[in-house]
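Hi,

Here is the structure I promised to pass on. Have a look at it first, and then read my notes below.

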Amino acid sequence: MSVKIIDYRCPQNHRCPSVMVCPVNALSQVGDSAPVVDNDKCVDCGKCIWYCPTGAIAMDRG
Ligand code: SF4
């Protein structure tokens, strides 16, 4: 399991707060674009989900 970015929920107009709280640097962002998750680094802590103000990050149960 990992997290997925729901692009259409991300306004893509700000620095992503979730990128800053990820304890293993699994999230990255170029400019103000939607963040990208590195599934090999993610440890499924769920922290980024709680810090995203628009609900654009969710657990990927697929
Ligand atoms: S679930 Fe945790 S480890 Fe994975 S991307 Fe989010 S903050 Fe980082």
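The largest nonpolar core has 11 residues: Val-3, Ile-5, Cys-10, Cys-22, Ala-26, Leu-27, Val-37, Cys-48, Cys-52, Ala-56 and Ile-57. Such a core is a set of buried Ala, Val, Leu, Ile, Met, Phe, Trp, Tyr and Cys residues joined through C-beta atoms within 7 Å. Buried means 20 or more other C-beta atoms within 10 Å of a residue's own, exposed means 12 or fewer, and partly exposed is in between, with C-beta atoms placed from the backbone.

Please keep in mind that this is a predicted model: local features need pLDDT of at least 70, side-chain atom pairs count only at pLDDT 80 or more, and totals for chains, interfaces and linings use all residues. Residues are numbered from 1 along each chain as its sequence is written.

Ile-5, one of the core residues, is in contact (C-beta atoms, placed from the backbone, within 7 Å) with Cys-10, Ala-34, Pro-35, Val-36, Val-37, Ala-56 and Ile-57, leaving aside neighbours within four places in sequence.

Around the ligand there are 13 residues (C-beta atom, placed from the backbone, within 6 Å), and Cys-22, Ala-26, Cys-42, Cys-45 and Cys-48 come nearest.

Val-43 is exposed because it has 11 other C-beta atoms within 10 Å. Its C-alpha lies 9.0 Å from that of Pro-23, 20 residues away in sequence.

Best wishes

Methods. Two residues are in contact if their C-beta atoms, placed from the backbone, lie within 7 Å.
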